[in-house]
Amino acid sequence: MIALEPHAEGTVLPVRAHAGARRNDIRGEQNGMLRVSVTQAPEKGKANKAIAALLAKGLSLRKSQLELIAGETSPQKRFLVRDVTPEELARRIEHALEG
């Protein structure tokens, strides 16, 4: 179960990122975090942008709804997902992992 946290502006999504992977993918859950992998190298924020784009596409969100709030240089990241409740985000994640 992914540890989604309510926030005044939406929901905080914990992410475990793997940069420099073979393909872009939402991989599942690990230790309460959403596992994602991106092909982009972890340099100058490129991987963070790729992760945000992957999350936006995979979870049917606008890129403007996602903001990296913690973990800029760490594999463990926290994204603020604006205007989405934890329940709705959980449904979107479940749908993305099924597809």
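Me: Why does Asp83 count as exposed?

Reply: Asp83 has 63% relative accessibility. The cut-offs are under 20% relative accessible area for buried, over 50% for exposed, and in between for partly exposed (1.4 Å probe, protein chains only). The value of 63% is over 50%, so Asp83 is exposed. This is a predicted model, in which local features need pLDDT of at least 70 and side-chain atom pairs count only at pLDDT 80 or more, while totals for chains, interfaces and linings use all residues. Residues are numbered from 1 along each chain as its sequence is written, and side-chain values use heavy atoms, with hydrogens and water left out.

Me: Where is Asp83, and what is its phi?

Reply: Asp83 sits in the loop between strand 6 and helix 2. Helices (H or I, at least four residues) and strands (E, at least two) are DSSP runs, numbered from the N terminus. Phi of Asp83 is positive, about 60 degrees, although the residue is not a glycine.

Me: Why is Asn31 called exposed?

Reply: The relative accessible area of Asn31 is 72%. That is over 50%, so the word applies. Asn31 is in the loop between strand 3 and strand 4. Its phi is also positive, near 50 degrees.

Me: What makes Gln40 partly exposed?

Reply: Gln40 has a relative accessible area of 34%. That value lies between 20% and 50%, so Gln40 is neither buried nor exposed. The residue belongs to the loop between strand 4 and helix 1. Leaving aside neighbours within four places in sequence, Gln40 is in contact (heavy atoms within 4.5 Å) with Ala19, Gly20, Lys46, Ala47 and Ala50. Its C-alpha is 8.8 Å from that of Ile51, eleven residues apart along the chain.

Me: Is Ser37 buried or exposed, and why?

Reply: Buried. Ser37 is in strand 4. Not counting residues up to four places away, Ser37 touches His18, Ala21, Arg23, Asn24, Asp25, Arg27 and Leu54. Ala21 is 16 residues away in sequence and 5.9 Å away in space, C-alpha to C-alpha.

Me: How do you know that the span of helix 1 is close to what is expected?

Reply: Helix 1 covers residues 46–58, which is 13 residues. The expected span is 1.5 Å times one less than the number of residues. That gives 18 Å, and helix 1 reaches 18 Å from its first C-alpha to its last. Ser60 follows helix 1, with a positive phi near 55 degrees.

Me: Which residues of helix 1 are buried, and what do they pack against?

Reply: The buried residues are Ala47, Asn48, Ala50, Ile51, Ala52, Leu54, Leu55 and Ala56. They pack against strands 2, 3, 4, 5 and 6. Leu55 touches Leu13, Val15, Leu34, Val36, Ser60, Leu61, Leu66 and Phe79, not counting residues up to four places away in sequence.

Me: What makes a set of residues a nonpolar core?

Reply: Its members are buried Ala, Val, Leu, Ile, Met, Phe, Trp, Tyr and Cys residues, joined through side-chain atoms within 4.5 Å. The largest such core here has 25 residues, and Leu13, Val36, Leu55 and Leu59 have the most contacts inside it. Helix 1 gives the most to this core, with seven residues.

Me: What is the volume of the largest pocket, and what lines it?

Reply: About 220 Å³ of space lies in it. Of its 16 lining residues, Pro42, Asn48, Glu72, Thr73 and Lys77 are the closest to its centre. On a 1 Å grid over the protein atoms alone, a pocket is an open set of points where a 1.4 Å probe fits, with protein on both sides within 12 Å along at least five of seven lines; lining residues have an atom within 4 Å of a point. Points are joined across faces, edges and corners, and the volume is the space filled by probe spheres set on them. Helix 1 supplies the largest share of the lining, four residues.
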